[in-house]
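Visitor: Hi, I've just opened this one and I'm new to it. Could you walk me through what is there?

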Amino acid sequence: MDFGNFLAALTPLNLAVAMFGVVAGTLIGSIPGLTATMAVAVLVPISFGMAPETALILLGAIYTGAIYGGAYAAILLNTPGTPSAIATTFDGYPLAKRGKGDLAVAIACFSSVFGGLVGAFALLFLAPPLASVALAFGPVEYFWLSIFGLSLIASLSQGNLMMGLAGGALGMIMSTVGVAEISADIRLTFGSQTMISGFEVVGAMIGLYCIPVLIDMCSTGEKHLKITGEVAKMPILSAARITFNSKFNLIRSSIIGTLVGILPGAGGSVAGLVAYTEAKRTAKPHQRFGEGEPDGIIATESANNATVGGGFIPTLVLGIPGTPPDAVILGALMVQGVRTGPELFQSNGSIVYTFIYGLLIATILMLPIGLIIGRYAYKSIVTIPKAVLVPTVGFMTIIGTYAIRNSISDVVVMLCLGVFGWLISKYGFSASPIVLGLILGPIAEQGFVQAWTIGAAVNNLPGMFFGRPLSQAIIAFTLISLVLPWYLSRKTQNKADA
Amino acid sequence: MLIKKIAKHTAMLTMAAAVSMSASSTYADSVNYIIPFGPGGESDISARIQQSFYKEKFGDDLVISYKPGGGGAAGWASLNGLNGDGQTIMGVNLPHIVIKPAQKDVGFTTDGIHTFYMFHYTPDAIVVVADSPYQTLQDLIDDAKSKPGGVVMSGSGKASANNLAQIKFDKMADINTTYVSFKGTGASTAALLGEQVTAQWGYTSVGAKQGSAVRMLAVAMEDRHPLFPNVPTFKELGFDMVGGAYRGIALPSSASAETVTTWSNRIGEINADPAFRQKMINGGFALLDIDASQMAEFMKERSTEYLMDARAAGLIK
C-alpha cells in the first residue's frame with residue numbers, strides 16, 4: 001500500500017479510463033433496466049486489451065457510476081434505474097414533484113460520492129478483517145436478515161400495515177414461480193413454459209414503478225414536473241449544505257452500505273432499504289419521510305454506493321463475489337490471467353492497491369461528472385414535452401426489460417405488472433412491498449432450507465435457528481424495529497388521552 | 001455553448017450505443033455467442049477466454065450475450081428457433097441438458113440440442129478448509145461412517161453435477177452424507193470457508209481460486225490435474241469416478257452439416273492453442289476434445305449415467 005501505487009493510479013491513461021467509466025456507467029445506470037451488472041458486462045470486452053489494473057479501474061468506475069446513475073430515473077420518473085435505487089424513489093420523486101428535482105439530483109450526487117468514499121476506504125484499510133464478517137454469515141443469518149428486511153414493510157407502509165403485508169406476501173409468492181434456485185423444483189408455472197424463468201426482479205420493478213407513472217402522465221394535462229416560481233439560484237450549494245448537515249445520517253448509512261455490501265447475495269437494494277428505514281426510524285419530529293425528505297435520499301444513495309467498496313472486499317480478499325457486478329469483474333480478471341482468490345493480495349498486491357486508489361479517484365471524479373450529467377438529466381426531463389417524454393421513456397422500459405435476459409416474455413410480464421400496479425395504486429397499495437417480497441423471498445427461502453438441512457443433520461434445529469449469537473442479534477434488531485414504533489406511538493397516544 | 005452541445009450529443013450517442021449493444025449485440029460478420037446463464041459464472045468466464053482467441057484466429061468478433069432463466073432452460077428452449085446460418089451459437093452444460101428435461105416439460109429435449117463440441121469440464125472435487133482434520137479422503141470416509149448423515153457438504157444446486165457426484169460417491173464408499181444446495185459455487189465456497197459445513201463438493205476451479213486456504217482430498221479426473229500434482233484422483237484411491245460440469249457449444253438444429261463441421265473445427269483449433277490451454281488450466285478447468293463426430297457416443301454414455309444416478313436418488317421419476 002505504498003505511495004507508488006497511488007501514483008500508478010494517477011497515470012493519464014488510468015485517469016482517462018476512470019473518467020470514461022464513470023460517465024458511461026452513470027448514463028447506462030440511468031436507463032431503467034440497464035443495471036450495473038449489465039453496464040459492466042457490456043463493457044468488459046473493452047478491458048481485454050488493457051493492463052489488469054487499468055481494466056479493473058475501468059470496470060470499478062463503470063460500476064460505481066451505474067449505481068449513482070440509477071438515482072436519476074428514481075428521482076425524476078419514480079423508477080429505480082437499478083434495484084439499488086428503490087428507496088431513492090420514496091423521497092426523491094416527491095421532492096421532484098415539488099419542483100426541486102435539481103436539488104434532489106445534486107443531493108444524490110453528494111451522498112453517493114460520500115458513501116462511495118467510505119466504502120472504498122474500508123476496502124483500502126479494513127479489507128481482511130471485514131472479509132471474515134462475510135464468512136461468519138451462514139445460511140441461518142441470511143434467513144434472519146431477510147426476515148429483518150421483510151419487517152421493514154411494516155415501517156414503510158405507514159398506516160396501511162395490512163396492505164403492505166399483502167403486497168409483501170404477493171411478492172414472495174411471485175418469487176417462487178419458476179425453477180427454484182436451490183431445490184431445482186419447477187413451481188407455480190401452471191404448465192406454461194414461459195413462466196419457467198420466473199419473474200425477473202428488474203423487469204417487474206420497471207413495470208410496477210414506471211408504467212403507472214407513464215399512465216398517469218398520459219391521463220393529466222399538466223406538465224410532468226412543475227417548476228416552482230422560486231427556482232433556487234444555486235441548487236448545488238444548497239444541496240451540499242443539506243447533505244453535509246446530515247453528518248450522522250451520512251456516516252451511519254455509509255457504514256450500513258459497506259457492511260451489507262460485504263455479504264455476498266445481499267446487495268445494494270437491501271443496503272439502501274435498511275439505511276432508509278434506519279434514517280426514518282431516527283427521524284426528528286419535523287421530518288416527513290415519504291413526502292420529499294432529503295434525508296431519505298441521503299440515506300439510500302450513500303448506502304448503495306458504499307456497497308461498491310464493501311462488495312469488493314470478499315471479491316478481492318476471498319475470491320467470492322460480493323455482488324453480481326463483482327462476479328463479472330472477477331471473471332474479467334481471470335480472462336486477463338490474474339489469479340484471484342486469497343493469494344491475490346500477496347501475489348498481485350500492486351494491481352490490487354492501484355485499483356483501490358483508482359476506485360477512490362473514480363469516486364471523486366463522480367462529483368463533478370455526476371453534478372453536470374445530473375443537471376442535464378433534470379433539464380431534459382423538465383423541458384422535453386410530454387408527447388416526446390412518454391414514448392421515449394416507454395421505449396426505454398421495453399428495451400431495458402428485454403435486455404436483461406434477451407426475453408420478449410419478460411416485456412409482456414413487465415407491461416401486465418405495470419397495468420396491475422397502476423390499478424392497485426388507485427386503491428392505495430404501493431409497489432415497494434411487492435418488490436421487497438420479490439427480492440427477499442428467495443434469500444429467506446434458501447437460508448431457511450439450508451439452515452434446516454444442516455440443523456437436522458447435526459440434530460440441533462433450535463440451536464441452529466436461535467442459538468447462534470449473530471442470529472440472536474439480528475432477531476433482536478428485528479423485534480426492536482417492529483415493536484419500538486408501535487410502543488412509542490402508544491405512549492404518545494396515552495399522553496394525549498390523559 | 002458548443003461544448004454543451006457536444007457533451008449532450010456524446011451523451012446521447014453513448015446511451016444509444018449502450019442500448020443497442022446490450023439489446024441486439026449482433027453486427028455484421030460477428031458471431032452471437034449466447035450463454036444461457038447470467039454474466040460472471042464459469043460458463044461466462046470460459047466463453048470469455050475463447051472470445052479473444054476467436055478474434056485472433058478468425059478475425060471476427062465473438063459477441064457474448066446472456067439469456068438466463070430457469071437454470072438454463074429459457075436459453076435452450078429458444079435455441080432451435082434461432083437462425084442456423086452459423087452466426088449464432090449457444091453454450092451447453094452437462095448434466096443440465098440431461099436432467100432438466102427428465103424432470104418436467106421444460107421446452108426442450110436432450111436430443112433436440114445439437115451440441116457440436118464439448119471443450120472442457122470442471123472436474124468434481126471434494127474440498128476442505130486448510131485446517132480441517134481431514135487430511136485424506138479416507139479420513140472423511142471414516143468420519144462419515146462413524147456418524148451417518150453428520151458430515152455436511154455444500155455444493156452448487158440440486159440435481160446438479162455436485163449433487164450427482166455426492167450421490168455417486170456416497171454409494172461407492174458406502175457412506176451417508178448430508179448435501180446442502182447453494183446458489184452457485186461462490187456461495188457454496190463461502191459456506192465452506194466460513195465452516196458452516198464440514199466439506200464441499202466443489203470443482204478443481206475452487207482449488208485454483210482458493211489456493212492455500214483450502215485442501216482438495218480427491219479430484220474426479222483420469223489423471224491428476226497439472227495445477228495440483230499432489231492431489232490424488234478418485235481412481236487412484238479406488239473409486240471409479242471421472243466427471244464434473246461439462247461445457248460445450250451447440251448450433252440451432254437448422255444448421256447445415258457443413259456449418260457444424262466448420263464450427264467443430266474452429267473450436268477444436270482454439271482448444272489446441274497452447275496459450276488457451278494454459279489459461280484454462282490456470283483457472284482449474286480441464287480441457288476436453290469431444291468434436292461433432294464423437295458427440296453422439298459421448299452424450300449417450302453421460303446421459304445413461306446421469307439418469308441412472310438421479311433416478312436412484314429420487315431426483316427424477
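Guide: Gladly, and please keep in mind that this is a predicted model. Chain A has 498 residues, for which a compact globule would have a radius of gyration near 23 Å, and because chain A has 22 Å, the two agree. Along its principal axes, the C-alpha trace of chain A spans about 65 × 65 × 55 Å.

Visitor: What does the secondary structure of chain A come to?

Guide: Chain A has 20 helices and 2 strands. Of its 498 residues, 60% count as buried, and among the contacts in chain A between residues at least 6 apart in sequence, 79% join residues at least 24 apart.

Visitor: And the largest nonpolar core, which residues touch the most other members there?

Guide: That core holds 256 residues, and those touching the most other members are A:Ala39, A:Val40, A:Ile62, A:Ile75, A:Leu76, A:Val435 and B:Ile126. Helix H5 of chain A, residues 88–136, gives the most to this core, with 23 residues.

Visitor: Let me pick A:Ile75, what is it in contact with?

Guide: Leaving aside neighbours within four places in sequence, A:Ile75 is in contact with a set of residues including A:Thr88, A:Gly92, A:Tyr93, A:Ala96 and A:Ala108.

Visitor: Changing topic, how many residues does each chain bring to the contact between A and B?

Guide: The contact takes 58 residues from chain A and 58 residues from chain B. On the side of chain A that touches chain B, helix H13 (324–335) gives the most, with 7 residues, and by class that side has 37 nonpolar, 17 polar and 4 charged residues.

Visitor: Over in chain B, how do strands E1 and E2 pair?

Guide: Strand E1 (residues 31–35) and strand E2 (residues 62–66) of chain B pair in the parallel sense over 5 bridges, and the bridge partner of B:Ile35 in E2(B) is B:Tyr66. Together with helix H2 of chain B, residues 42–58, these two strands make a right-handed β-α-β unit.

Visitor: What about E1 and E3 of chain B?

Guide: E1(B) and E3(B) also pair in the parallel sense, over 3 bridges, and B:Asn32 stands opposite B:Thr88 in E3(B). As for burial, E1(B) is mostly covered, with 4 of its 5 residues buried.

Visitor: Where is B:Pro95 placed, and is its peptide bond from B:Leu94 cis or trans?

Guide: B:Pro95 is in the loop between E3 and H4 of chain B, and the peptide bond from B:Leu94 to B:Pro95 is cis, with omega near 5°. Most peptide bonds are trans.

Visitor: How many residues of H4 in chain B are buried, and what covers them?

Guide: Helix H4 of chain B, residues 96–103, has 6 of its 8 residues buried, among them B:His96, B:Ile97 and B:Lys100. What covers the buried residues of H4(B) includes helix H3 (73–79), strand E3 (88–94) and helix H11 (295–312) of chain B.

Visitor: Back to chain A, what is phi of A:Ala184 and of A:Phe190?

Guide: Phi is near 65° for A:Ala184 and near 50° for A:Phe190, each a positive value in a residue other than glycine. A:Ala184 lies in the loop between E1 and E2 of chain A, while A:Phe190 is found in the loop between E2 and helix H8 (201–219) of chain A.

Notes. Residues are numbered from 1 along each chain as its sequence is written. Chains are lettered from A and ligands numbered from 1 in the order in which they are written. This is a predicted model: local features need pLDDT of at least 70, side-chain atom pairs count only at pLDDT 80 or more; totals for chains, interfaces and linings use all residues. A nonpolar core is a set of buried Ala, Val, Leu, Ile, Met, Phe, Trp, Tyr and Cys residues joined through C-beta atoms within 7 Å. A residue is buried if 20 or more other C-beta atoms lie within 10 Å of its own, exposed if 12 or fewer, and partly exposed in between; C-beta atoms are placed from the backbone. Two residues are in contact if their C-beta atoms, placed from the backbone, lie within 7 Å. Ala, Val, Leu, Ile, Met, Phe, Trp, Tyr, Cys and Pro count as nonpolar, Asp, Glu, Lys and Arg as charged, and the others, Gly among them, as polar. Two strands pair if DSSP finds at least two bridges between them. A crossover is right-handed if, with the strands pointing away from the viewer, the path from the first strand over the helix to the second runs clockwise. The radius of gyration is taken over C-alpha atoms; the globule rule is 2.2 Å times the number of residues to the power 0.38.
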